[in-house]
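Work through the exercises below with the structure in view. Each task is followed by a solution in steps.

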Amino acid sequence: MPYPEPERYIPLQLRLLASHPALLEGLDTWLKLGLITDREVQVLCQRYLASDLPAQKVVASTPVSTAIATPQTEIAQTQMVAVIATPSAPPPSPRSPSWVSQFLQSLINEVSVIWLLCLGVFLVIVSSAVLAANKWGNLAATGQYSILLTYTAAFIGASFWTATKPQLLITARMLQVASLLLIPVNFWVMDGFRLLQSGSSGIAMAAIAAVLLSVAIATLMPKRQNIRWITANVLGLSWLHWGWGFASVPVIATYIGCVGTSAILLAQRQAEPTAEPKIAWWSRISAADIVLPFAVMLLLFRACVVVAVPLEQLGLAFGLCGWLLCWQTRSQPSGRIWALIGLGLLAVGWLVSVGAEFPLQAVLVSGLGLWLLGDRLLRHHSPADFIGLFIVGLGTLGVTLRLIPSSLQGSFTATCTSLFGSAGMPEVLWSIGLYPYLWGFLRLTFYLRRIQQPRLVRVGYALSWILGGCLVGLSLLNPGMRSLSLWLALLTLGATLRQQSSERRVLVYITHLLGLAAIFSSVDNFAPQLSIANWGIFVLAVMVIEWVASLLLTRYALWQESAWFVGLGLAGLGYLLLAGSIGIAPAAQRSAALVIPTALTSLAFFPQFRRVEAAAGLSVASVIAVQFLTFEATVPRLIGLALGTLLMVLNTIRSPDLLAAFLSVGFGLTFGYALGWEVLPLIFQNWVLLSVGLLWGRFMLRQGLSFQSWDVSRPFQRALDGWAIAVTLWTSLPLAIYGLITVLAPTSWLLPFGWVYPVAAVVLTVALAYRYWQAPLQLALVSIAWGLEVVLVCTFAYWGQTGSSVAIATLSLGLLSVLLGEFWTRRTGQAYRWSYNLIPLGYGVLGCALGHAEWTGTTGLYTLALAMIGLGIGRRLPALLPITILGILSISLGAFELVLYPLLNAKGGQPGDGLIILGAVALALAFIYRSTHQWGARLLNLPPNGLSILGHVHWGLGTFFAIIALPELSNLGEQLWGAELLLFGGYALWQGRSQ
């Protein structure tokens with residue numbers, strides 16, 4: 001049958017003026033309506049309206065705060081406070097007294113009765129103890145029990161009598177509770193004294209006592225409707241003390257009492273107000289709150305201590321008692337001590353039963369703990385309760401698994417071992433078995449999110465992360481379990497991500513990476529012998545899938561971003577794996593890395609892709625990087641260079657940039673050289689021809705681009721010009737060096753200088769001239785001049801000429817270029833170009849250097865030719881004055897070289913004679929510079945006294961030579977020395993006269 005709904009009581013607090021004219025009329029109305037009882041009206045009138053009181057500001061009465069169970073009725077728990085004040089001024093609000101003040105006030109009101117009662121109880125107990133000491137052994141079982149029954153009857157009678165006295169409310173409650181506590185003890189003693197086996201007198205006394213005590217329980221317990229089952233519960237707990245002489249009765253009786261009490265309390269718990277009345281805590285404690293736990297604990301005490309039932313058989317009983325205490329006091333702040341005792345009993349019940357071979361009781365006790373923690377969590381929303389629920393739940397799951405038979409566990413472990421291997425078994429099975437618990441806990445966390453508990457949600461996610469990480473870490477012991485655990489973790493994270501109100505970047509990235517880890521782990525599990533190169537190919541395939549997904553997931557910004565960056569990480573990983581396979585795997589496998597720049601370049605051409613600049617830049621870097629993986633073999637190398645050229649051209653078209661265009665042309669040239677090396681024999685002659693052909697191809701391509709109006713044509717043209725300079729240099733320089741070596745120092749190890757080289761030089765020069773015709777740039781003119789020098793060197797080398805011939809021809813080109821520069825400038829009226837100055841000087845320096853490769857009698861002429869070139873260039877602009885001065889000095893140097901060579905090769909004479917001759921040369925130069933200083937300065941654009949100063953310098957140099965020559969002169973030398981001194985003096989007089 002269904003249980004009746006528990007009644008709810010409303011605490012009511014009133015503040016009324018005692019002189020209010022409608023007070024008595026209102027009380028009479030409430031009495032007629034049944035809201036209060038006649039007894040309550042009597043108590044109110046006796047307390048506040050029975051006698052005349054002197055006028056006071058505020059008089060607050062002692063509250064009538066509790067209900068006393070009497071044989072007739074029960075006073076409802078209602079509080080009324082009467083406030084008496086003078087009519088002239090409203091009373092101030094009194095402060096609520098503390099519980100200490102309430103307790104002391106109640107003690108003062110009843111102190112005489114309490115002390116008298118305690119004194120009487122003490123005398124009765126002492127006299128009974130003396131009687132028991134002297135006469136106990138002479139009494140039968142009925143006599144022994146009659147003493148306890150007498151005490152119990154005395155307490156019951158005293159509780160009835162004090163209940164009729166309004167001044168003894170607390171005393172009546174104390175005696176009522178004491179009587180109810182003695183009744184279960186009486187049933188225990190009756191069974192312990194074996195009154196039913198003591199003859200007719202014992203049976204009669206037991207029957208009478210049982211009936212009377214049962215009636216006393218029914219009378220002393222409250223009469224409210226929702227307390228009837230509690231009364232029956234107390235009565236049943238008392239009667240369960242019968243028949244403990246049989247072996248199985250103690251355990252059965254204990255469990256019946258514990259389970260029955262828990263069920264009744266769960267179904268018929270007294271309804272309490274949401275806010276407790278502000279009254280003393282001892283006034284709120286009902287008889288059931290004390291008697292019921294005591295009766296259950298008495299059963300446990302008798303079973304454990306007296307009968308010595310094994311503790312592991314009573315684990316659930318302890319747990320139920322602990323749960324009962326916690327459940328009864330869960331809404332009472334004053335019951336924290338009882339709650340702690342209850343938690344202790346729960347712990348004891350779990351500890352004594354967890355070691356059993358079949359720990360069902362420990363599982364049930366754990367369930368009770370989870371019940372209490374869940375109730376506290378829903379009521380208080382405390383993170384500590386949530387953490388406790390998580391830990392207790394794990395413990396419960398661990399104990400529950402022990403209920404599975406060992407044979408079934410062994411069979412399951414053997415099956416898993418056959419499927420996944422023996423590594424880490426059976427401990428690694430926990431990495432899979434705990435996922436249902438993790439899902440349940442996350443389900444609870446999701447519920448807490450719905451009811452707006454952010455603190456608990458954060459704690460729940462933290463605990464879930466910790467548990468999930470531990471499970472994945474444990475699964476690493478076994479490859480198969482690792483894969484399965486990663487997939488389950490991915491499923492868990494996906495469910496968690498769906499519950500988020502908005503996607504979180506960190507969670508998206510972790511989920512993404514966990515999915516990749518699950519895929520890679522599964523591949524490793526099914527193909528453990530996969531080579532490093534094959535792993536690299538597989539990683540790059542996943543990279544392509546990631547980037548395709550980044551194009552498709554346009555509505556999911558975070559997932560699109562994650563796919564892009566994860567794809568980049570996979571690209572780097574795949575490249576490293578393929579690079580690690582160098583020397584192990586063939587180059588054809590490593591050429592799979594070409595998919596990286598191909599994919600990056602392709603991404604840049606999709607309009608929905610947002611990171612075009614990043615993709616283009618990374619594509620350029622990857623095009624260069626992958627060439628190192630393919631350069632080992634011919635076909636992969638050619639494919640890599642051709643694809644690199646194509647991709648760089650596409651990158652330049654997508655984002656016109658000089659660097660991209662420069663790299664595009666560079667890759668194209670490299671592909672041309674690589675292809676040429678495969679077609680032609682690898683010799684210097686073929687390399688020169690290939691370079692010249694590529695240079696002509698570059699010029700043709702640039703000519704074609706010059707007719708286009710694309711935005712990209714300009715960067716390509718500039719890049720082609722730059723690479724033309726490079727090709728010209730690395731083609732002409734080796735060619736010129738080879739020709740110079742041939743003409744200057746022919747050796748046996750050199751190959752014959754064939755006709756190919758002069759022809760190649762001519763073709764190269766024609767190509768440079770063609771570029772100058774396309775755009776008359778000064779740099780192109782310089783390159784033509786250099787090409788002519790290469791043609792000259794190669795031609796003379798082919799004809800077998802010497803270095804002096806090349807030097808003369810080169811100096812002739814220098815002098816000719818000076819004349820051509822003068823002619824072109826005067827004809828066009830333009831200013832001198834820098835190339836007009838650089839080309840003659842370059843020819844002059846190169847020719848002079850070649851002429852000095854071997855010192856002969858004509859070596860000085862090369863220096864004089866260089867001087868002529870320098871003077872022809874220096875006179876053009878005032879800024880080139882240093883070149884003019886160097887040219888004049890070169891004339892002096894050439895003259896000295898012409899004289900010095902025969903002096904060094906002459907035989908006989910003294911060293912001073914040679915110095916006299918050098919001094920004569922210096923003097924001659926001084927007279928020349930001094931005599932031509934006027935028109936020479938105008939011709940060479942020198943300052944007016946420029947040549948005079950140079951003449952003086954040479955006069956001083958000659959004088960120095962004459963001085964140092966004096967110690968070592970021959971007879972002829974002495975005569976020449978005297979004549980020379982006269983000429984030096986004459987120069988000085990000439991200079992002085994002109995001044």
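**Exercise 1.** Which residues make the nonpolar surface patch of about 700 Å²?

Solution. The model is predicted, so to speak of local features requires pLDDT of at least 70 and side-chain atom pairs count only at pLDDT 80 or more, while totals for chains, interfaces and linings use all residues. Residues are numbered from 1 along each chain as its sequence is written, and side-chain values use heavy atoms, with hydrogens and water left out.

Step 1. A patch is made of residues with over 30% relative accessible area and no salt bridge; like charges are joined within 9 Å, and nonpolar side chains (Val, Leu, Ile, Met, Phe, Trp, Tyr) within 5 Å. Accessible areas come from the Shrake-Rupley method with a 1.4 Å probe, and for residues only the protein chains shown count as cover.

Step 2. The members are Ile 725, Leu 729, Leu 733, Ile 737, Ile 741, Leu 779, Trp 834 and Leu 838. Two or more residues each come from helix 29 (713–744) and helix 33 (834–851). Helix 29 gives the largest share, five residues.

Step 3. Helices (H or I, at least four residues) and strands (E, at least two) are DSSP runs, numbered from the N terminus. Leu 779 is placed in helix 31 (residues 778–799). Its relative accessible area is 46%, so Leu 779 is partly exposed; buried means under 20%, exposed over 50%, and partly exposed in between (1.4 Å probe, protein chains only).

**Exercise 2.** Is Ala 785 buried or exposed, and which residues does Ala 785 touch?

Solution. Step 1. Ala 785 is also found in helix 31. Its relative accessibility is 9%, so Ala 785 counts as buried.

Step 2. Leaving out residues up to four places away in sequence, Ala 785 touches Ile 839 and Tyr 843. Contact means heavy atoms within 4.5 Å.

**Exercise 3.** What span should helix 14 have, at 1.5 Å a residue?

Solution. Step 1. The expected span of a helix is 1.5 Å times one less than its number of residues. Helix 14 (residues 383–401) has 19 residues, so the span should be 27 Å.

Step 2. The end C-alpha atoms of helix 14 are 27 Å apart, which agrees.

Step 3. Buried residues of helix 14 include Phe 386 and Phe 390. Ring pairs link Phe 386, Phe 390, Tyr 437 and Phe 441 into a cluster.

**Exercise 4.** How many aromatic pairs does the count come to?

Solution. Step 1. Rings of Phe, Tyr and Trp (its six-membered ring) pair if their centres lie within 6.5 Å; planes under 30 degrees apart count as stacked, over 60 as edge-to-face and the rest as tilted. By this rule there are 14 aromatic pairs.

Step 2. The ring centres of Trp 323 and Trp 371 are 5.2 Å apart and the planes stand at 45 degrees, so this pair is tilted. Trp 323 lies in helix 11 (residues 315–328) and Trp 371 in helix 13 (residues 360–380), 48 residues apart.

Step 3. Trp 323 is buried at 1% relative accessible area, whereas Trp 371 is partly exposed at 36%.

Step 4. Phe 520 and Trp 535 form an edge-to-face pair, 6.2 Å centre to centre with 85 degrees between the planes. Phe 520 belongs to helix 20 (residues 505–526) and Trp 535 to helix 21 (residues 532–552), so the pair ties together parts 15 residues apart in sequence.

**Exercise 5.** How many salt bridges does a search of the whole structure find?

Solution. Step 1. A salt bridge is a side-chain nitrogen of Lys or Arg within 4 Å of a carboxyl oxygen of Asp or Glu. The search finds eight.

Step 2. Asp 375 bridges to Arg 379, with the closest N and O atoms 2.8 Å apart. Both lie in helix 13, four residues apart, about one turn of the helix.

Step 3. Glu 678 and Arg 637 meet at 2.7 Å, N to O. This pair links distant parts of the chain, with Glu 678 in helix 27 (residues 658–679) and Arg 637 in helix 26 (residues 634–654), 41 residues apart.

Step 4. Arg 826 and Glu 822 form a salt bridge at 3.9 Å, N to O. Arg 826 is exposed at 65% relative accessibility, whereas Glu 822 is buried at 11%. Salt bridges that share partners join Glu 822, Arg 826 and Arg 876 into one network.
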